[in-house]
Amino acid sequence: MTTIQFTINGEKETVEAPPMKRLLDVLREDLHLTGAKEGCGEGECGACAVLINGDLVNSCLVPILQAEGTEITTIEGLVTEGKLHPIQQCFLEEGGAQCGICTPGMILATHHLLEKHPQPTPLQIQEGLSGNLCRCTGYMRIFNAVQQAALAGVAE
Amino acid sequence: MAGTPPIVGQSPLRKEGKAKVLGQAEYVDDITLPGMWFGATVRSTIPRGRITSINFDPSIPWQEFTIVSAADIPGENTIVHLTKDHPCLAVTHVNHAEEPILLLAHPNRALLPAAVAAVHITYEELPSIYTIEDSEKKEQIIWGEGENANTFKTYLMQKNQVPIPEEVWEKADYIVEGEYRTGAQEQLYIENNGVIAEYDPETGVTVRGSMQCPFYLVHALELVFNLPAEKCRVIQTETGGAFGGKEDFPSVIGSHAALLAMKSGHPVKLCYDRAEDMAATTKRHPSRTRHRTAVSKDGKLLAGEIDFAIDGGAYATLSPVVLSRGTIHAPGPYLWPYITVRAKAMATNIPPHGAFRGFGAPQSIFALERHMDKIAKAVGLTPEELRRRNFLSTGDRTATGQLLSDPVDMQHLLTRAVEESGYHAKRKQFDRENPISTIKRGIGFATFFHGSGFTGSGERRLNSLVEIELTVEGLPRILVSSTEFGQGTNTILCQVAAQTLRLPYDQILIAQPDTGHVPNSGPTVASRTAMIVGKLVERAAQSLCATLVTSGDLPHDYTPEDFRRAAQLYLARHGALKSEARYESPEGIFWDDETYSGEAYPAYAWAVYVAEVAVDTSTYSATVTNFHTVQEVGKVLHPILAAGQIEGGVAQGIGYALYEKCLWNNGHLANNQMTNYIMPTSADIPPIHVTFEEVPSPHGAYGAKGIGELPMDGPAPAILNAIEHATGVSFNEIPLLPEDIFERMTRVPNTGTESLDPAIAGPIFSEASA
């Protein structure tokens with residue numbers, strides 16, 4: 001067991017865990033943050049995506065040891081004062097969530113994309129989300145949600 | 001009417017949408033019960049054989065584990081679907097790789113993989129078969145005997161029960177033959193199969209989990225545990241995609257978890273990881289379709305002979321009904337003076353295939369729509385003109401003899417699709433540009449229909465029931481076993497109730513599907529929820545309203561406040577109010593299973609899909625660059641959800657055609673990972689254009705018909721028709737990967753090809769008589 005300290009959704013956190021335990025499991029089992037989902041366990045589907053120091057990362061591929069001293073944002077950290085983040089609102093209104101299992105990762109990927117490209121081109125959206133698989137939507141409504149979020153200027 | 005605007009046809013927010021975008025929706029693996037253990041499955045490592053020994057490696061502290069074998073099953077060792085051939089746990093023999101033999105449970109999830117690996121099973125191997133052809137040879141009989149050897153089901157469907165007269169073949173100007181194949185396809189829901197089971201000697205079994213059909217699992221548990229239905233409670237948790245993959249399979253994993261819960265005395269969570277889910281659970285049936293068609297020189301279909309075979313895997317599961325839908329859709333939306341479809345589902349030593357969106361229809365429609373383009377070429381007509389000369393229309397009879405009394409206008413749908421896609425101009429443009437380009441572009445289409453609801457007498461047998469109750473707050477709550485897994489069940493059923501009750505959408509609740517509290521509204525499959533269950537919700541809502549009006553508490557013209565007041569008054573006086581509606585077969589719906597004739601479905605959705613492709617002749621990869629869909633689906637209840645269904649189905653269809661290949665190695669799925677089983681990403685999807693025509697059906701809620709499966713049918717043939725236009729090469733098998741295109745396009749001429757260019761291949765159709 002190792003003691004690891006990091007910041008999660010703005011709060012300081014200390015966990016005792018085997019150093020190779022996956023960040024995804026620490027989030028879900030130790031911290032009871034179940035918004036990150038396991039879809040494949042090998043970094044293909046992006047359902048477990050979180051932001052680490054602002055980078056989009058598949059938490060199933062990160063040993064908790066590597067989280068030492070980082071700032072982590074999960075889907076649970078996007079809400080402010082009980083209000084949906086504008087990206088969440090756009091996914092809801094545009095039909096960007098169907099079964100919902102890819103949605104937390106997809107929303108964090110959108111967050112990351114809009115930080116990099118506040119007014120993304122269609123190609124930038126397609127490429128920016130290509131690490132997050134969705135089997136329900138065919139991606140069209142997700143693209144609409146991202147465009148609406150960009151129009152709302154969420155990245156300022 | 002007191003000022004509530006119509007909500008049917010609007011796009012209100014998805015009922016459970018807020019929980020989903022917040023990451024708060026609870027999927028089964030997000031749930032932890034007190035004292036919960038974890039389960040794992042010990043599976044066959046060989047495709048077929050006799051179990052000779054089972055040894056437990058002494059390196060594992062087995063006393064800490066619960067171990068379940070078939071001997072622990074209190075009832076029947078069977079997973080019931082349509083037959084009882086499928087064991088819950090293998091005893092003496094295994095018939096496919098990954099067949100479950102033992103179950104393990106332990107409080108620590110992390111210790112299970114090593115324990116599974118430490119169970120050493122030896123076998124006397126028996127010869128295995130993996131293809132429809134091997135199964136047909138019957139050199140190895142792996143299922144059934146006599147006529148049924150290796151054969152789960154056969155159908156003979158003949159229009160008017162008349163065989164094709166020999167003179168039709170003799171007099172035909174052309175006889176066109178073709179063979180078409182489709183591969184297995186993984187549903188690849190992003191949430192794997194998973195359940196949590198509890199057992200109590202007094203109250204029985206409770207299973208909660210990811211599933212489409214809670215009452216299917218109740219039925220499975222009744223047999224495995226020898227318990228009455230009221231002691232088998234099933235609760236659907238938020239379900240992260242299903243597509244048919246959680247129709248029949250939860251009966252397996254649910255029974256397994258419940259056995260572990262009973263023996264361990266703990267709640268047991270059994271959630272597969274991706275590799276196990278892909279290797280062991282059901283997939284779309286592979287198929288082989290052979291067409292022989294008699295055509296006149298003016299392009300009229302005179303007669304068709306269709307041999308349709310699907311690979312069912314090692315046990316029957318749902319193969320007979322998958323075969324049935326595939327059979328009925330095999331003749332497509334065309335008028336056939338004579339047609340004979342011979343269909344069969346064959347056994348192989350592959351893990352059982354099961355339900356997947358489309359349910360047999362994508363297979364037989366792929367074959368027919370490729371074959372129609374072949375016929376067009378043979379006759380010398382355009383693909384468009386050939387279809388126009390043969391479309392079914394209002395007043396015609398289908399291959400099962402069903403009179404199409406509701407309006408059908410495929411001519412118009414095709415006109416609209418070619419206009420919206422710019423089909424004619426693009427066809428000319430690509431013909432002009434392709435000779436001087438390494439990127440060969442093409443445009444092609446498919447025209448098709450999809451029946452809504454259970455096939456034949458299925459809906460009568462289901463006898464579905466819907467209830468609406470009043471909460472203590474005076475709000476209506478819909479009680480159904482119909483499940484939400486992304487398609488929008490919760491939302492559309494609430495819309496239907498809101499409109500019928502003239503209440504705001506926000507004031508309609510829908511209960512979590514829990515068989516302890518909701519009636520059996522049937523399984524959530526077969527494009528039946530909007531039409532069949534929606535109609536029952538409409539009727540139950542009318543009945544609720546009538547009760548309140550009759551009680552004298554509710555005026556005929558009421559506001560939402562009036563309704564709530566009346567509801568609370570009624571509850572104060574009578575304690576509770578629950579209205580119900582049970583399925584009644586519409587007038588004039590008749591089906592004969594013996595002759596395979598009659599009203600196959602109460603309604604059909606009709607569609608034309610147009611694909612544009614680019615084939616790169618340096619990499620041999622084919623990409624879909626644009627996709628247009630035009631469909632008539634009855635009343636569109638929720639435009640955003642409906643378009644989402646079409647777009648998602650098209651994306652799965654693109655994967656089916658060009659990306660998703662199951663590689664089998666001695667009966668094992670070799671690519672049971674997302675790394676090497678490739679589904680379309682956001683970067684692979686073209687713009688998908690969705691156009692709805694609305695012709696309300698008298699059978700569905702506010703005129704709705706089925707929509708969920710339809711978009712799976714058209715993409716694959718439209719894409720391969722477009723690839724033939726682009727390359728001049730006729731590909732008749734999916735998935736079509738770059739290596740397949742390379743192999744065909746670089747093949748030396750005259751070594752055998754199905755191309756219709758006589759310069760390459762010579763004639764492949766015969767001119768029977770001039």
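# A walk through chains A and B

Start with chain A and colour its strands: five of them make an open sheet in the order β2-β1-β5-β3-β4, with mixed pairing. Here strands (E, at least two residues) and helices (H or I, at least four) are DSSP runs, numbered from the N terminus, and two strands pair if DSSP finds at least two bridges between them. Strands of a sheet pair through backbone hydrogen bonds, either parallel or antiparallel.

A note on what you have open: it is a predicted model, where local features need pLDDT of at least 70 and side-chain atom pairs count only at pLDDT 80 or more, while totals for chains, interfaces and linings use all residues. Residues are numbered from 1 along each chain as its sequence is written, and chains are lettered from A and ligands numbered from 1 in the order in which they are written.

**Stop 1: around the sheet of chain A**

Which strands stand at the edges? Select β2 and β4 (55-58) of chain A: each has a single partner strand, so one side of each is left without a neighbour in the sheet. Look along the sheet and you can follow a twist that averages 40° from one strand to the next. For angles like this, axes are lines fitted to C-alpha atoms (for helices, over the stretch in contact), and the angles run from 0 to 180 degrees between N-to-C directions.

Now pick strand β1 (residues 2-8) of chain A, which pairs with β2(A) in the antiparallel sense over seven bridges. Click on Thr7(A), and you'll find its bridge partner, Lys12(A), in β2(A).

**Stop 2: a helix tucked away**

Next, select helix α1 (residues 23-30) of chain A. Six of its eight residues are buried, so α1(A) is largely enclosed by the rest of the structure. A residue is buried if 20 or more other C-beta atoms lie within 10 Å of its own, exposed if 12 or fewer, and partly exposed in between, with C-beta atoms placed from the backbone. Show the side chains of Leu23(A), Leu24(A), Asp25(A), Val26(A), Leu27(A) and Arg28(A): these are the buried ones in α1(A).

What do they pack against? The buried residues of α1(A) pack against β2 (11-17) of chain A. Just after the helix, stop at His32(A), which takes a positive phi of about 55°.

**Stop 3: the two domains of chain A**

Colour residues 2-76 of chain A as domain 1 and 86-151 as domain 2; such bounds come from an automatic or database domain assignment. Their centres, taken over C-alpha atoms, are 21 Å apart. Across the boundary, 13 residues of domain 1 of chain A are in contact with 13 residues of domain 2 of chain A, where contact means C-beta atoms, placed from the backbone, within 7 Å. On the domain 1 side, strand β3 (residues 49-52) of chain A has the largest share, with three residues.

**Stop 4: where chain A meets chain B**

Show both chains. Here 40 residues of chain A are in contact with 39 residues of chain B. On chain A, highlight α2 (86-94), α3 (103-116), α4 (122-128) and α5 (140-151), as each supplies at least two residues of this side. α2(A) gives the most, with four residues. By class, the chain A side divides into 19 nonpolar, 13 polar and eight charged residues. Ala, Val, Leu, Ile, Met, Phe, Trp, Tyr, Cys and Pro count as nonpolar, Asp, Glu, Lys and Arg as charged, and the others, Gly among them, as polar.

**Stop 5: over to chain B**

Chain B has 21 helices and 28 strands, and its C-alpha trace spans about 80 × 75 × 50 Å along its principal axes. Of its 770 residues, 59% count as buried.

Find the open sheet of six strands in chain B, ordered β7-β15-β14-β13-β8-β28 with mixed pairing. The edge strands are β7 (151-158) and β28 (733-734) of chain B, each pairing on one side only. β7(B) pairs with strand β15 (residues 338-347) of chain B in the antiparallel sense, over seven bridges. Zoom in on Met157(B), which stands opposite Val341(B) in β15(B).

How values were computed:
Two residues are in contact if their C-beta atoms, placed from the backbone, lie within 7 Å.
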